[in-house]
Amino acid sequence: MTLFGAGMILLLVFVAVFAPQITKYDPTCIDIQEALCQPSLEHPLGTDLLGRDLFTRMIYASRIALLIGFVAVGLAAVIGVFFGSIAGYFGGKIDSVIMRFADVMLCFPAFFLILAVIAVVGPSIFNIMVIIGLTSWMGMARLIRAEILSLKTRDYISASRALGASNFFIITRHLIPNGIGPVLISFVFGVAGAVLTEAGLSFLGLGVQPPDPSWGNILMEGKAVLGIGWWVILFPGLAILITVLAFNLLGEGLRDALNPRKL
Amino acid sequence: MINYIIRRILQIIPILFGITIISFAVIHLAPGKPTDLMLRLNPKIEYEAREKLERIYGLDKPLYVQYFDWIRKIAHFDFGRSFTDNRPVIEKIAERLPITILINTLAMAVILIFSIPIGIKSAVRRGSFFDRVTTVFVFIGFAAPSFWLALLLMSFLGVRLGILPVAGIVSLDFENFAFSHKTIDLLRHLILPVSVASIGSLAGLSRYMRQSMLGTLSQDYIRTARAKGLSERKVIYKHALRNALLPIITILGLSIPALISGSVILETIFSIPGMGRLMVEAVFTRDYNIVMAGLFVSALLTLAGNLIADIAYVYADPRIRYKA
């Protein structure tokens, strides 16, 4: 199953990178004559209300979904590892301030927090990446902190300190590389979550803005043709499901591989 | 136990303080002032008019003064007025909140009713056909976006078959119905939103229940229970289940923010007039008082949910009850 997940992710990345080579259509080219065509040889997944080829829009949307997923969670990982390692290594007041801050952030239902920020800065692909990143680092901070708390008492850390290594050196060369495992697992699950969040935001009209294609905003347009154009609703949802499933399966696989303790 | 609960409630105070700071900061630290957007619509606006508007909203004062003004007001449940219709924000929220709480409570009940038996059965019959089918269901239920499921159900059950209503929480002529008819009408409208709201957490929780049950079943005291000749029923439901349920209570508490997040999208799809939809409308109209209040209230809901989960945990686990 892990291999299936990894395989799907590779396929998705391939499709996203070579999108212009895979399809002959333009994702934003409107052709009213061809509006709401059923899936056919000409349009394998049909066309939408404005006559745009659905398959084309979906593979261009995969670019945006993966870009937002990786960049947003990457940002969350950087912030989480930064705060988490400082909190875990120095302990004391710094630790309690950082971790209480994380606790408070965790009290906010993610969607409400993200929507509130979007209300102020407005929706765009860049803003969404940054906002998802800024609102999802807390779990990773906790994970790396827990790892560092147990790692920093090891002998090799004392040895390193005795040899005159700076705190910065110990954290970045010893502690983070050794404690990054759980963060990696969380990263993979996080991408799945970010893809879902982006789709949800775009579905509400507060994410990727039309005419740029996103699986979420294609679904939003599909809602308008509910009961007429089933393909406009079915396929983008399947794309989200498969993407999220792939990352979740890879995450589960990684977790089993990095954690030898089996039930 | 009372001591524990009091201590737990006292711990909420600093968190509550943190919540107000973040709710305030989100709106006020972002580049630009809330009034900028109102003014941008009218480029001809005079400098004096801008100043006046900023004075009305207190935006000319230093940030920390604005913050304490805001805190003092919300301590009296005054969240200001809505920019769009000038009604008090608290009134608009009070109108919307019960619906969101109702849907989430029902969803929580559905989650518990289904996920626990599913989890137990797949753990007890590990590797069976049932276990494999539910595992597939869990992975798909976890990955499928709820709004997509909502659209599929709406187009199939609502539009194609026409057996369930797809929008709102009551019919148009609700006021004229008799009481029993009203209840049925409300329930019929709630079926789709509640099922869609519960599906994701249901999948996740049955997975956790399965893991937790598997973990418990491999404990020594279960072997002891079996060895002393107890029936398998008793071993599973009396000895294993009670222990396996403990981590589930914690996870249930942790899944509350996700459930509340979910109501944003679901209420919008099903045109349900709840908190989530109010928030989305406020974001579109840049109604900052509502956004700020909505954010604050959503965090309060999470906090309340976590508190209930913690108290339930103490109630369920005698070890904590006696220690405290």
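**Note on backbone features and one helix**

1. Phe77(B) sits in the loop of chain B that runs between α4 (63-75) and α5 (89-124). This is a predicted model, and what follows should be read as such. The phi of Phe77(B) is near 55 degrees, a positive value in a residue other than glycine. Phe77(B) has 12 other C-beta atoms within 10 Å and is exposed, since 12 or fewer is the cut-off for that class.

2. Ser271(B) is placed in the loop between α11 (256-269) and α12 (275-285) of chain B. With 11 other C-beta atoms within 10 Å, Ser271(B) is exposed.

3. In chain A, the peptide bond that leads from Pro210(A) to Pro211(A) is cis, and its omega is near 10 degrees. Pro211(A) belongs to the loop between α10 (181-204) and α11 (215-224) of chain A.

4. Helix α7 of chain A covers residues 138-151, which is 14 residues. From first C-alpha to last, α7 reaches 20 Å, close to the 20 Å expected at 1.5 Å a residue.

5. Which residues of α7(A) are buried? They are Met138(A), Met140(A), Ala141(A), Arg142(A), Leu143(A), Ile144(A), Arg145(A), Glu147(A) and Ile148(A). The list includes Arg142(A), Arg145(A) and Glu147(A). The cover over the buried residues of α7(A) includes α3 (54-90), α4 (92-107), α9 (167-179) and α10 of chain A.

Definitions and conventions. Residues are numbered from 1 along each chain as its sequence is written. Chains are lettered from A and ligands numbered from 1 in the order in which they are written. This is a predicted model: local features need pLDDT of at least 70, side-chain atom pairs count only at pLDDT 80 or more; totals for chains, interfaces and linings use all residues. Helices (H or I, at least four residues) and strands (E, at least two) are DSSP runs, numbered from the N terminus. A residue is buried if 20 or more other C-beta atoms lie within 10 Å of its own, exposed if 12 or fewer, and partly exposed in between; C-beta atoms are placed from the backbone. The expected span of a helix is 1.5 Å times one less than its number of residues. Two residues are in contact if their C-beta atoms, placed from the backbone, lie within 7 Å.
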